[in-house]
Amino acid sequence: MPRFTPKAAKAPREPPAVFPAPDHDHDRCSTDAMATAEAVCEERGQRLTAIRRKVLATLLASHKPLGAYEIIDRLAPKGPRPAPITAYRALEFLRENGLVHRIESRNAFIACVHNHAAGALVVFLICENCGAVGEASSADVTTTLTSAARAAGFVPKSPVIEITGVCVHCRST
Ligand SMILES: [Zn+2]
Ligand SMILES: [Zn+2]
Ligand SMILES: [Zn+2]
């Protein structure tokens, strides 16, 4: 009798790719990210209310940053739009909890699926071709920049680096 090795039903989760392939399983990708967000909120005794969840889901729908008004438009494609202040408050909550980042140079927001420490240095790689934004982190860069800042007697608050260029998928087409 042939023996079948059952396929690993639950393969260990790989860390999310910086630039997921265009044909990646995005449903799973966004479902996993939402589950991570729920876990983060629960751990902190915070509530992921309906509007917070909707705003996050809107950002998780793609790997591209969205402006505040684009988010509001997508929250209610047909019906009446929520009051901007409601969406802004939800965004603020998500940012404070590290679930969303602001890309200063684009004046836009992107969901963070990395669950890194609040003060960790964030490096955004922004593709000028497709608009995708990847989040890379490097302990070496963090150490170098932190010591450079300290040497200047400077206390960095939100260490963010934005680098524009061309992503791996756009380069290969
Ligand atoms: Zn995805
Ligand atoms: Zn992040
Ligand atoms: Zn690209």
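Of the 173 residues of the protein chain, 29% count as buried, where buried means under 20% relative accessible area, exposed over 50%, and partly exposed in between (1.4 Å probe, protein chains only). The model is predicted: local features need pLDDT of at least 70, side-chain atom pairs count only at pLDDT 80 or more, and totals for chains, interfaces and linings use all residues. Residues are numbered from 1 along each chain as its sequence is written, chains are lettered from A and ligands numbered from 1 in the order in which they are written, and side-chain values use heavy atoms, with hydrogens and water left out.

The protein chain holds six helices and five strands, which are DSSP runs numbered from the N terminus (helices: H or I, at least four residues; strands: E, at least two). From the N terminus on, the order of elements is α-α-α-α-β-β-β-β-α-β-α. Among contacts in the protein chain with a separation of 6 or more, 57% are accounted for by residues 24 or more positions apart; contact denotes heavy atoms within 4.5 Å. The accessible surface of the protein chain is about 11600 Å², with 55% belonging to carbon and sulfur atoms, as computed by the Shrake-Rupley method with a 1.4 Å probe.

Donors are N, O and S atoms within 2.8 Å of the metal (3.2 Å for Na, K and Ca); water is not among the atoms, so sites may look incomplete.

| Zinc ion | Protein donors | Distances |
|---|---|---|
| ligand 1 | His24 (NE2), His26 (ND1), Cys29 (SG), His63 (NE2) | 2.0 to 2.3 Å |
| ligand 3 | Cys127 (SG), Cys130 (SG), Cys167 (SG), Cys170 (SG) | 2.3 to 2.4 Å |

Around the zinc ion (ligand 1), the four donor atoms subtend angles of 104 to 118°, so the arrangement is tetrahedral; four donors count as such if all angles lie between 85 and 135 degrees. The donor residues of this ion are spaced H-x1-H-x2-C-x33-H in sequence. His24 is partly exposed at 26% relative accessibility, and Cys29 is partly exposed at 24%.

The zinc ion (ligand 3) is likewise tetrahedral, because its four donor atoms subtend angles of 105 to 114°. Its donors follow the spacing C-x2-C-x36-C-x2-C along the chain. Both Cys167 and Cys170 are buried.

Asn97 lies in the loop between helix 4 (84–96) and strand 1 (100–103). Asn97 is buried, with a relative accessible area of 9%. Its side chain reaches the backbone oxygen of Phe93 at 3.0 Å. Not counting residues up to four places away in sequence, Asn97 touches Val40, Arg44 and Gln46.

Methods. Four donors count as tetrahedral if all angles lie between 85 and 135 degrees; four count as square planar and six as octahedral if opposite donors are over 155 degrees apart and all others between 65 and 115; anything else is irregular. A polar contact is a pair of N or O atoms within 3.5 Å; within protein, one must be able to donate a hydrogen and the other to accept it, and residues adjacent in sequence count only if both atoms are side-chain atoms.
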